[in-house]
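Morning, everyone. I have one structure for you today. Please look at the screen.

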Amino acid sequence: MADELLLQPYGKCSGRLTSSLLAVALLSSFGSSMLFGYNLAVVNSPANYIKDFYNRTIVSRGGTGVSEETLTLMYSITVSVFAIGGLLGSLLVGMLVSKYGRKGTLVNSTVLVFLGGTLMGCSKICSSPEMIIVGRFITGIHSGISLSVVPMFLGEIAPKNLRGFIGLMPSIFICVGVFISQILGLHEMLGKEEDWPLFMSLVVVPTFIQLTLLPWFPESPRYLLMEKRDIHATIAALKWYRGRCNIQSEIEEMQEEQRSLSLVDTVSVKQLLQDVTVRWQIWFYTNAIFENAGIPIPQIQYTTVATGAIEVIAGLIGCFTIERVGRRPLMIGGFGFMGVCCAGITLSLILQVHVSFMRYVSVVCVVGIIAGFCIGPAGVTFLMTAELFRQSHRPAAYMVGGSLNWVSNFTVGFVFPFLQMTVGAFCYLLFSGICALVAVYVFLIIPETRNKTFVEISQMFAARNGVLDSQPVGDTGQLKMVALNGYGTVGSRSSVLGD
């Protein structure tokens, strides 16, 4: 026999960070995840210019202007319609990733960014406020899709010892997107009246770069094997992402999960919520606080940029420490620190009338909330969605998680002003309590998934859920790897032994 059969069925794999793996992680995060952060902050700086544009357009159409309350309502719709689009996009994730694949979904959804960016960029020339609102809605759909698909894609292509590092890259680029938007929104950059259409349409640039390069990278090997059942494409994709690493053990781990799912179809959201085996897995308003702290209004934009830099630094700290400290400490520590800072804001706002320096304590607490969120919960939650659910349940899980994320963002942004008017400084205690409860939930329920395969994680939850993680025997002609120039080819057990 020309090819030598590997004797160790679970041979070691170094799981090193290859240039191709790093490139696809950076590219998908840059061209998709970063746009979410950029679009979150892009409407803050030109708010007054957009309102003025709305008013002038209404006057030119009807001869009379509108009240300040009406302009504020129109601007609020412009801001919030992005979250509505995001909710719709998150609901489409399951269908899209099953039909087009993970990488295919990212590539095909770029058309939404080009369409939305063009509408927003041409709105002033066409004297159409509607084009801004529709453009924001369309880019929201794209962000709703990418916010779930990028961590799903990266979680599936990364080796287990690098899954945390690779999986947190999208959250870093979300922070980078916010930071870039804050910098470009400065008056010295694109924060002038004549530049806001260009400012809002710049989202097409990173998307164009992604569309040009990402199609050259392979699809997720797990998707190719478990859903497309294309073993040869799976091997080719793994060779691309692992370099000269021995991929036999990784193939066999995926085949083990594939056998356990051979009698299970991709589940819907309803089936996910009814499945007993997975029952346990399931920046707004900072300017006002800075103003209350006595920071001069012209300097608030620079203070906001500084908080954006802190977001990026905190995200980088989480990315480079997650494989050392694990997921649970980042989640528990992040939510716990956020809870303390929320309580700190309440205390400082109550005492600042009597103690002047407490105003600055509130600023420190806001920065603490941002840092605590970005160092752990911002990215680890989406990473663990990929880790805690099997291939058949993962798309539906991302649909549920993504939808809850967008609904929560919209609810907090809409309800917070009324909550603040009703209970004043004590409104932050509600968020402090929520953070504390989540930290306790993670401590009691969520296991550590660092350096574990998807099969091992599934078995941990099978024991916790009190069910047997049974695996159908499947075809006895199981595919096996054979060595060939350090890479490996694929053949059935019977064909190899028959040579």
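Helices here are DSSP runs of H or I with at least four residues, strands are runs of E with at least two, and both are numbered from the N terminus. On that count, the protein has 23 helices and three strands. Keep in mind that this is a predicted model.

Some overall figures. The protein has 499 residues, and 52% of them count as buried. Its accessible surface is about 21,700 Å². Carbon and sulfur atoms account for 68% of that surface.

Now to one helix, α6. It runs from residue 129 to residue 157, which is 29 residues. From first C-alpha to last, α6 reaches 42 Å, close to the 42 Å expected at 1.5 Å a residue. Where is the kink in α6 centred? On S146, with an angle of about 30°. And why is α6 described as largely enclosed by the rest of the structure? Because 25 of its 29 residues are buried.

Next, helix α18, residues 358-375. Which of its residues are buried? M358, S362, V363, C365, V366, G368, I369, I370, G372 and C374.

Over to the aromatic rings. There are eight aromatic pairs in the structure. One of them is F36 with F82. These two rings are stacked, 6.3 Å centre to centre, with 20° between the planes. The pair links distant parts of the chain, 46 residues apart. F36 sits in helix α1, residues 19-41, and F82 sits in helix α3, residues 68-100. Are these two buried or exposed? The cut-off for buried is under 20% relative accessible area. F36 has 7%, so it counts as buried. F82 has 2%, so it is buried too. Ring pairs also bring in W406, making a cluster of F36, F82 and W406.

Last, the surface. L347, I350, L351, V423, F426 and L429 form a nonpolar patch there. Together they have about 490 Å² of accessible area. Which helix gives the most to this patch? Helix α17, residues 327-351, with three residues. I350 lies in α17. Its relative accessible area is 37%, so I350 is partly exposed.

Notes: Residues are numbered from 1 along each chain as its sequence is written. This is a predicted model: local features need pLDDT of at least 70, side-chain atom pairs count only at pLDDT 80 or more; totals for chains, interfaces and linings use all residues. Side-chain values use heavy atoms; hydrogens and water are left out. The expected span of a helix is 1.5 Å times one less than its number of residues. The bend at a residue is the angle between axes fitted to the seven residues ending there and the seven starting there. Buried means under 20% relative accessible area, exposed over 50%, partly exposed in between (1.4 Å probe, protein chains only). Accessible areas come from the Shrake-Rupley method with a 1.4 Å probe; for residues, only the protein chains shown count as cover. Patches are made of residues with over 30% relative accessible area and no salt bridge: like charges are joined within 9 Å, nonpolar side chains (Val, Leu, Ile, Met, Phe, Trp, Tyr) within 5 Å. A salt bridge is a side-chain nitrogen of Lys or Arg within 4 Å of a carboxyl oxygen of Asp or Glu. Rings of Phe, Tyr and Trp (its six-membered ring) pair if their centres lie within 6.5 Å; planes under 30 degrees apart count as stacked, over 60 as edge-to-face and the rest as tilted.
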